[in-house]
Amino acid sequence: MRIAVLCLQGAFIEHIRMLEKTGAEAFEIRQRRDLLSRSYDGLVIPGGESTVIGKLLGDLGMTEDVRSMIKGGMPVFGTCAGLILLAKKIENDSRAGLGTMDIAVRRNAYGRQLGSFSCTAEMKGVGTIPMTFIRAPYIERVFGKAESLAVVDGHIVAARQDNQLVTAFHPELTDDTRVHEYFLGMISGSKR
């Protein structure tokens, strides 16, 4: 299985390493020709700074291509900033991202860098896993086709909608590959 990782900013190398640990082939998307000239089975949008990643997607002419691919069925996994970019509604920010997923999110919901934390919690379809939150958002609500997969302290921190998976936490910063395996399983299931 070949997975593209958006490498414009943020924790992309950690996703590549995690995907390789699962046996998947991962490669970097840095510009529009990388996005359009290769074949792959899924896309990862990493954590980082959502406003920077969103701006770079626009500056590089990739926003509409990525949105179209996701709407056309390309499986996508967004962590932290990736979650924010995929959300249809950002409660505390008027800027728009890709807007492909039926979720409303709150940016930097846990506060500044000092509000970062780790815990273990249950994720539907995955089990009890370690979760690392860094200036994390959370999902205020799911609607339409989106479904909540994990809740921490009363807030939704993982969700799925068809071919889209999002987490407010960073599974790529742990040694546990199960969230990435879940994403690969989504891809395998969509090919049947």
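Predicted model: local features only at pLDDT ≥ 70, side-chain atom pairs only at ≥ 80, totals over all residues.
Student: What makes the link between the side chains of Glu-172 and His-170 a polar contact?
Tutor: The two side chains are joined at 2.7 Å. A polar contact is a pair of N or O atoms within 3.5 Å; within protein, one must be able to donate a hydrogen and the other to accept it, and residues adjacent in sequence count only if both atoms are side-chain atoms. Numbering runs from 1 along each chain as written, and side-chain values use heavy atoms, without hydrogens or water.

Student: How do you know that Glu-172 has no salt bridge?
Tutor: A salt bridge needs a side-chain nitrogen of Lys or Arg within 4 Å of a carboxyl oxygen of Asp or Glu. The nearest oppositely charged side chain, Arg-17, is 11 Å away, so Glu-172 has none, though buried (under 20% relative accessible area).

Student: Where does Glu-172 sit?
Tutor: In the loop between β12 (164-167) and α6.

Student: How do you know that the span of α6 agrees with its 13 residues?
Tutor: The expected span is 1.5 Å times one less than the residue count. For residues 178-190 that gives 18 Å, and the end C-alpha atoms are 18 Å apart, so they agree.

Student: Which residues of α6 are buried?
Tutor: Val-179, His-180, Tyr-182, Phe-183, Leu-184, Met-186 and Ile-187.

Technical notes:
Helix = DSSP H or I, 4+ residues; strand = E, 2+ residues; numbered from the N terminus. Buried < 20%, exposed > 50% of the residue type's maximum accessible area, 1.4 Å probe, protein only. Lys, Arg positive; Asp, Glu negative; His and termini not counted.
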